Amino acid sequence: MTPIAPHITAFLQQRLLIECRASENTCDSYAYAFRLLFEYASDCLKVTPSQLHLEQLDASLIVNFLSHLETGRGNGPNSRNIRLAAIKSFMHFMEYRVPTALEQIRRILAIPAKKTDTRLVRHLTVEELQSILDAPEPTNRQGIRDRAMLHLCFAAALRVSELIGLRLDDLKLQPQASVFVHGKGRRERCLPLWKQTTSALRAWLAVKGTVLAPELFVNARGEPMTRSGFEYILRKHAQTAAKRCPSLSTHRVSPHVLRHTCALTVLQATKDLRKVSLWLGHANMQTTEIYTRADPS
């Protein structure tokens, strides 16, 4: 029997973090997937996670775990597939460490991902977007900060992790305004900034003051902005904007909706899917093709 504890430690701390240089978000996602798996396996096998052995994690247990995610935890196919991808990645890692388990590993790798619904991306109209960008009060520090965050999140098509992770030295306003983005999977990109976005950022820097945190955006206590903090800010201003633009009341406006809206704006302006892919920091063009279904042109 092969104790799983040293192998999962090596996979998460050595293989993912050092050899694959996976992003922090990827490492956290994989670690959470194994936390769920080990909790389920421990409950089924009546042993503690530290006592689990590789041979106990056979294909039937993995299939039952995936079913548990959907029926017991209410996860959708996408979440189920993400957990399966983490498990398969670990099993590929184990192929070279425990050759005696190759048949067991082969059966697990053969577990298919579940088909997911192909949905049109949710995005905003020009009027809806402008209503949100104009919602923050431009006469106080908090409103100026919020306006800068919203403009930058949209114009650079940022993921939340990219927005809150921006540091002051990632922003360049001279000679040409640009922002250096540390993206998903350690992919980096440098994007030019539109004039309106640059103006909003200049206004924020003028009132930001001296703070210890190196991040570009901070909260009222001078600490780095958090994911939940920005999501709250966006939700608050979307509700305010809905009074001026009633159609917003029918939308769930998330940070990713701003990202989708930017992608479609770039696609409509350039008619070039490759440029959209570069702007968004996608690893491959297939991911970007979802926008052709929203904008057939």
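Domain bounds here come from an automatic or database domain assignment. For this protein, that assignment gives domain 1 (4-110) and domain 2 (126-290). The centres of domain 1 and domain 2, taken over C-alpha atoms, sit 35 Å apart. Where the two domains touch, domain 1 puts in 5 residues and domain 2 puts in 4 residues, with contact meaning heavy atoms within 4.5 Å.

A quick word on the numbers before going further. The model is predicted, so to speak of local features takes a pLDDT of at least 70 and side-chain atom pairs count only at pLDDT 80 or more, while totals for chains, interfaces and linings use all residues. Residues are numbered from 1 along each chain as its sequence is written, and side-chain values use heavy atoms, with hydrogens and water left out.

Now for the helices. Helices (H or I, at least four residues) and strands (E, at least two) are DSSP runs, numbered from the N terminus. Helix α1 (residues 5-19) packs with helix α2 (residues 24-45) at an angle of about 165 degrees, and their axes are 11 Å apart. Axes are lines fitted to C-alpha atoms, for helices over the stretch in contact, and the angles run from 0 to 180 degrees between N-to-C directions. α1 and α2 are therefore roughly antiparallel to each other; angles under 35 degrees count as roughly parallel, over 145 as roughly antiparallel, 65 to 115 as roughly perpendicular and the rest as oblique. From α1, the residues I8, F11, L12, L16 and L17 meet C27, Y30, A31, F34 and F38 of α2. Sorted by type, the residues of this contact between α1 and α2 come out as 10 nonpolar, no polar and no charged. For that sorting, Ala, Val, Leu, Ile, Met, Phe, Trp, Tyr, Cys and Pro count as nonpolar, Asp, Glu, Lys and Arg as charged, and the others, Gly among them, as polar.

Another helix pair is α7 (residues 141-155) with α10 (residues 227-244), which pack at an angle of about 95 degrees with their axes 11 Å apart. That makes α7 roughly perpendicular to α10. Here Q142, R145, D146, M149, L150 and C153 in α7 meet F230, I233, L234, K236 and H237 in α10. The residues of the contact of α7 with α10 split into 6 nonpolar, 2 polar and 3 charged.

On to the strands. An open sheet is built from 3 strands in the order β1-β2-β3, with antiparallel pairing. β1 and β3 are the edge strands, each pairing on one side only. Two strands pair if DSSP finds at least two bridges between them. Strand β1 (residues 171-172) and strand β2 (residues 178-182) are antiparallel and share 2 bridges, with K172 standing opposite S178 in β2. β1 and β2 make a hairpin with 5 residues between them. β2 is joined to strand β3 (residues 188-192) by 5 bridges, again antiparallel. In β3, E188 is the bridge partner of H182, and C190 is the bridge partner of F180. β2 and β3 also form a hairpin, with 5 residues between them, and G185 in the turn has a positive phi of about 65 degrees.

Last, a loop residue. A113 lies in the loop between α5 (102-109) and α6 (126-133). Leaving aside residues up to four places away in sequence, A113 touches R80, N81 and L84. The C-alpha atoms of A113 and G165, which are 52 residues apart along the chain, are separated by 32 Å.
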